[in-house]
Amino acid sequence: MALLNARLPFLVGGAYALERHTGIVRHTKDFDIFVRPKHVHRTLRVLSRAGFQTDLPFPHWIGKAFHGEYFIDVIFNSGNGLCPVDDEWFEHALDNRVLNVPVKVCPVEETIWQKAFILERDRCDSADVAHLLRFCAVKVDWERLIRRFADHWRVLYAHLVVFGFIYPAQQHLIPRAAMDTLARRLRDEVRRAAPPGRLCNGTLLSATQYLRDVDLEGFQDARLAPHGPIDESALAKWTANFVRP
């Protein structure tokens, strides 16, 4: 209520958005809200005044607010820096009631976009993506979803191919036009000469599993300039979160 009273625009995501889109109920101790980057600090200040202990541990994508054993994730990007919360998140948000409070929840397209890149050893959101597709494919704005992935469209295509494996009798839910568009891109790309250099896009999918490639084998980290949006100091802080004892 503090955020509503402060007239701060936010969206509800996480388990509550998944339930809104799919009907799947998942009980957690955290509560995910999504805000535009320009509203992060103000959001944390409002939560602090409401009695939460707040922090901005990873300033490239997420803030935290704690109250006892419960906490709020204040999300304004993704861990790989590719999915910033912009106006389109809000333009296509859905109405919902969470804890008997009227709120807006994240659109299915942006939810798929962000979850598709989470492929860690200890957390993989591919099942969430599959369920979102099964329940929402007929409502998805496929042009916008494909555009969201931009040059990383192979990640979306991989999830769509696997969806047909998971649900063979439901694979028709994915529009043929979307599959044909991505199939053409793949065909055209593999016919072209390989790009120069040694780039590892694996770090966009996992913060840990491809570190040896960039640290020991000379591959370029796709999260860093000139390929990605994260600066070295923010990336070092994010990586330390995973490799500390």
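# A tour by selection

Start by selecting aspartate 128 and lysine 115: their side chains meet in a salt bridge, 2.8 Å from N to O. The model you are looking at is predicted. Aspartate 128 sits in helix α6 and lysine 115 in helix α5, so this pair ties together parts that are 13 residues apart in sequence. Are the two residues buried or exposed? Both aspartate 128 and lysine 115 are buried. Lysine 115 has a relative accessible area of 10%. For aspartate 128 the value is 6%.

**Stay on lysine 115.** Aspartate 125 lies in the loop between α5 (108-115) and α6, while lysine 115 belongs to helix α5, so the pair ties together parts that are 10 residues apart in sequence. Aspartate 125 counts as buried, at 5% relative accessibility.

**Go back to aspartate 128.** Now select arginine 26. Its side chain meets that of aspartate 128 in a salt bridge of 2.7 Å, N to O. This pair links distant parts of the chain, 102 residues apart. Arginine 26 is in the loop between α2 (14-22) and β2, and aspartate 128 is in helix α6 (residues 126-136). At 39% relative accessibility, arginine 26 is partly exposed.

**Widen the view.** How many salt bridges does the count come to? The count is 17. For a linked group, select Asp86, Glu88, Glu109, Glu110, Asp141, Arg144, Arg147 and Arg148. These residues form a network of salt bridges.

Select aspartate 32, in strand β2 (residues 30-34). Aspartate 32 is buried yet has no salt bridge. Which side chain of opposite charge is nearest? That is arginine 123, 6.1 Å away. Show the contacts of aspartate 32: leaving out residues up to four places away in sequence, it touches Leu11, Val12, Gly13, Gly14, Asp73 and Ile75.

**Move to valine 85.** Valine 85 is in the loop between β5 (70-75) and α4 (87-91). It is buried, with a relative accessible area of 2%. Beyond residues up to four places away in sequence, valine 85 touches Phe34, Val35, Arg36, Pro37, Ile75, Phe76, Asn77 and Phe90. Ile75 is listed among the contacts of valine 85 and also among those of aspartate 32. Now draw a distance from the C-alpha of valine 85 to that of glutamate 110: the separation is 8.8 Å, for residues 25 apart along the chain.

Cysteine 106 is buried, with a relative accessible area of 1%. Cysteine 200 is in no disulfide either; its nearest cysteine sulfur, that of cysteine 124, is 17 Å away. Cysteine 200 is buried too, at a relative accessible area of 9%.

**Finish on the surface.** Select Val162, Phe165 and Ile166. Together they make a nonpolar surface patch of about 320 Å². Phenylalanine 165 is found in helix α8 (residues 153-166). Phenylalanine 165 is exposed, with a relative accessible area of 70%.

Technical notes. Residues numbered from 1 in each chain as written. Predicted model: local features only at pLDDT ≥ 70, side-chain atom pairs only at ≥ 80, totals over all residues. Heavy atoms only, no water. Patch = residues over 30% accessible without salt bridge, like charges linked within 9 Å, V, L, I, M, F, W, Y side chains within 5 Å. Areas by Shrake-Rupley, 256 points an atom, 1.4 Å probe, with all protein chains shown as cover. Salt bridge = Lys/Arg side-chain N within 4 Å of Asp/Glu carboxyl O. Helix = DSSP H or I, 4+ residues; strand = E, 2+ residues; numbered from the N terminus. Buried < 20%, exposed > 50% of the residue type's maximum accessible area, 1.4 Å probe, protein only. Disulfide = S-S within 2.5 Å. Contact = heavy atoms within 4.5 Å. Lys, Arg positive; Asp, Glu negative; His and termini not counted.
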